[in-house]
Amino acid sequence: MVKDRMVELLQEHFELNLYEARAYVALVGFGVLTPAELASVSEVPAPRTYDVLRSLEKKGFAISQPGKVNKYRPVHPQNILEKFIEEWQERVAEELELKKKAKEELLELMSPLIETEIPKYGVEKVWVVRGIRNATLKTKEMFEEAKEQILLADDGYIAINLESDIIKAIDRGAKAKIIITENVLHRLGTSKIMDYYKAGKLELKVIDKLELPMLICDDEVFFALEDMAARYFNYETQIWIKDFRVKALFEGKFNEYWEQAKKA
């Protein structure tokens, strides 16, 4: 209904609650109303009409006429809605400036912490990442930060869904070696990964089975713990480790897979 749509728009975009929106629509329709009349022609409960009309007046949507019984008339929609938008723009501009200033102050205050956070040789960094969305975000982050090397042993998700991130990393200069299973090879088809492989921009091999899918970007390692139930519900537990010793262990396993694999 048209009335319901008007109420909905006033709630969503002009900061009126349900009863205020219903009251304003009623005022626009009837022109002048007392609280008792408002209750009889709208869906605003009688005990609430006084408070609702006073609130509309305070917000600039209504004007009152004092008397034995107060009467209320609406401010013309063209005027109040335009005024609301102008005030909203000013408020947003002020909030934006405050946020920019807060950002600059935070960066200034945090700069000593950032500058002193020097990676220490041999200190482990380990994180648990759960769920497909979080795993995807972490994997994308690894590709974005990769500078030298990408080693990917993939049995079905990364090469297909994060192809553009892999390509961007290669274009920035990272060297990539990718091992995929047969089912992934069929799904890649005419992908850019295959184009880059044919052009000699990355190395690609195929293997029958991967017991330990993994991603290594420079000195970071990312792999999933085996849990079929969690994988089914997209809540698989992934482990991210940044440590040169762990990276060496996983790279050794990757090289074993590489020797067993065949050219795509």
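Trainee: Leaving aside neighbours within four places in sequence, what is Gly156 in contact with?
Mentor: Val184 and Arg187, where contact means heavy atoms within 4.5 Å. This is a predicted model, so local features need pLDDT of at least 70, side-chain atom pairs count only at pLDDT 80 or more, and totals for chains, interfaces and linings use all residues. Residues are numbered from 1 along each chain as its sequence is written, and side-chain values use heavy atoms, with hydrogens and water left out.

Trainee: And where is Gly156?
Mentor: In the loop between strand E4 (149-154) and helix H7 (158-161). Helices (H or I, at least four residues) and strands (E, at least two) are DSSP runs, numbered from the N terminus.

Trainee: How far is Gly156 from Val2?
Mentor: They are 51 Å apart in space, C-alpha to C-alpha, and 154 residues apart in sequence.

Trainee: Switching topic: at what angle do H2 and H4 pack?
Mentor: About 80 degrees, with the axes of H2 (residues 18-30) and H4 (residues 49-59) 9 Å apart. Axes are lines fitted to C-alpha atoms, for helices over the stretch in contact, and angles run from 0 to 180 degrees between N-to-C directions. H2 and H4 are therefore roughly perpendicular, a label for 65 to 115 degrees.

Trainee: Which residues meet there?
Mentor: Tyr19, Glu20, Ala23, Tyr24 and Leu27 in H2 meet Val52, Leu53, Ser55, Leu56 and Lys59 in H4.

Note on methods: Angles under 35 degrees count as roughly parallel, over 145 as roughly antiparallel, 65 to 115 as roughly perpendicular and the rest as oblique.
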